[in-house]
Amino acid sequence: MLFLLSHLYRFHAIIVASVYSASELARYEFPDLPVEKRSAISIARRLQDPLAELVKIDPKSIGVGQYQHDVNQKSLSESLDFVVDTVVNQVGVNVNTASPALLAHVAGLNKTISENIVKYREENGALTSRQQLKKVPRLGDKAFEQAAGFLRIPDATNFLDNTGVHPESYKAVENLLELLAIDHLDEAAQEKLKQLAIADTAEKIGVGQETLKDIIADLLKPGRDLRDDFEAPVLRQDVLDVKDLVVGQELQGTVRNIVDFGAFVDIGVHEDGLVHISRMVKRKRDKNGRQQALPHPSEVLAVGEIVTVWVVEVDIKRNRIGLSLLKPNGSE
């Protein structure tokens with residue numbers, strides 16, 4: 001059984017790039033380029049840093065469920081903006097490469113301050129210290145206090161400027177390193193940090209236990225990107241197009257979207273495949289022998305989850321792919 005409505009999701013990546021290419025921001029960034037080239041640039045930049053590029057468009061354009069147009073649009077926008085802001089601040093932003101659109105999502109910054117940061121680095125060169133941010137017009141003490149810990153400077157004079165440690169905690173870090181007699185963050189230093197008595201040490205250097213845990217995490221992996229720890233699917237090198245698919249193949253993929261009738265999974269080809277609700281779990285029977293209702297797809301899978309699937313249907317003419325979470329007989 002091939003699925004219905006798949007055309008709504010078939011060209012997801014291209015649609016997102018098209019939304020950007022026709023936007024006011026795209027015209028500002030590339031005023032002399034046609035929309036086709038802006039779109040191509042957007043796709044290429046998404047490969048380099050998806051988050052930095054996706055913040056440039058309305059989150060609703062990404063596709064957040066089949067009922068997104070049925071809910072209160074103001075509430076939806078506020079919720080999505082909150083999620084984007086949270087993710088940007090959790091990941092952190094390289095202040096020397098970030099666009100105004102990305103910087104504007106950092107706590108304490110707005111559109112004007114973000115544009116001023118970019119203008120400042122264009123006129124004065126790359127920043128080498130978080131303290132230089134105080135020279136940016138309109139970026140006052142309050143904004144600095146809120147934003148500094150989320151802004152990263154990879155080649156900073158002080159390595160702490162490339163961590164999630166806030167400048168107000170730098171003194172605590174110095175006290176910690178002095179307490180442990182650490183001059184360099186080598187393997188021996190990392191072992192000391194891992195074996196630290198949190199409660200006693202936090203009291204000695206004058207910070208809370210949770211703050212100390214965050215400091216230790218940053219010292220163990222300076223400049224770490226949370227996204228590096230995310231699990232990625234193992235995509236087959238011999239499966240790059242719908243024509244490469246064969247019924248029975250076992251593949252890994254990432255859940256892209258969940259709807260009432262199933263879930264769409266990215267398996268590394270141009271089209272997302274559909275795992276129909278009937279192919280997610282085996283239907284169970286109650287004590288009377290009657291078949292129980294199937295669970296909603298959202299009770300089985302989550303967006304972003306990496307799953308193992310099997311190809312059960314391929315329609316090359318219509319570019320449709322049917323997948324299953326249930327291993328069929330005779331699969332590869």
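Is N257 buried or exposed? I looked this up first: N257 has 8% relative accessibility, so N257 counts as buried (buried means under 20% relative accessible area, exposed over 50%, partly exposed in between, with a 1.4 Å probe and protein chains only).

**Ground rules**

I am reading a predicted model, where local features need pLDDT of at least 70 and side-chain atom pairs count only at pLDDT 80 or more, while totals for chains, interfaces and linings use all residues. Residues are numbered from 1 along each chain as its sequence is written, and side-chain values use heavy atoms, with hydrogens and water left out.

**Overview**

I noted 13 helices and seven strands in the protein. Helices (H or I, at least four residues) and strands (E, at least two) are DSSP runs, numbered from the N terminus. Along the principal axes, the C-alpha atoms fill a box of roughly 65 × 55 × 40 Å. Of the 332 residues, 40% are buried. I also looked at contacts (heavy atoms within 4.5 Å) between residues at least 6 apart in sequence: 52% of them join residues at least 24 apart.

Two strands pair if DSSP finds at least two bridges between them.

I followed strand 3 to strand 6: the two run antiparallel and are joined by five bridges. One bridge I looked up sets T254 against I306 in strand 6.

Next I went from strand 6 (residues 306–315) to strand 7 (residues 320–324), an antiparallel pair with five bridges. Here V311 stands opposite L323, and V314 has I321 as its bridge partner. Strands 6 and 7 form a hairpin with four residues between them, and N319 in the turn has a positive phi of about 55°.

**Helices around helix 12**

Which way do helix 9 and helix 12 lie to each other? Helix 9 (residues 170–179) packs on helix 12 (residues 209–220) at about 70°, with the axes 11 Å apart. They are therefore roughly perpendicular. Axes are lines fitted to C-alpha atoms, for helices over the stretch in contact, and angles run from 0 to 180 degrees between N-to-C directions. Angles under 35 degrees count as roughly parallel, over 145 as roughly antiparallel, 65 to 115 as roughly perpendicular and the rest as oblique. V173, L176 and L177 of helix 9 meet L212, I215 and L219 of helix 12.

Helix 11 (residues 198–205) also meets helix 12: their axes come within 9 Å and cross at roughly 100°. The residues meeting there include I198 and I205 from helix 11, and L212 and I216 from helix 12.

**The core**

I then turned to the largest nonpolar core, which has 28 residues. Such a core is a set of buried Ala, Val, Leu, Ile, Met, Phe, Trp, Tyr and Cys residues joined through side-chain atoms within 4.5 Å. Helix 7 gives the most to this core, with four residues. L109, I117, L139 and L151 have the most contacts inside the core.

What does L151 touch, not counting residues up to four places away in sequence? I found V93, V95, L103, V106, L109, R130, L133 and D161.

**Last look**

I ended with N257 and A143, which are 114 residues apart in sequence and 36 Å apart in space, C-alpha to C-alpha.
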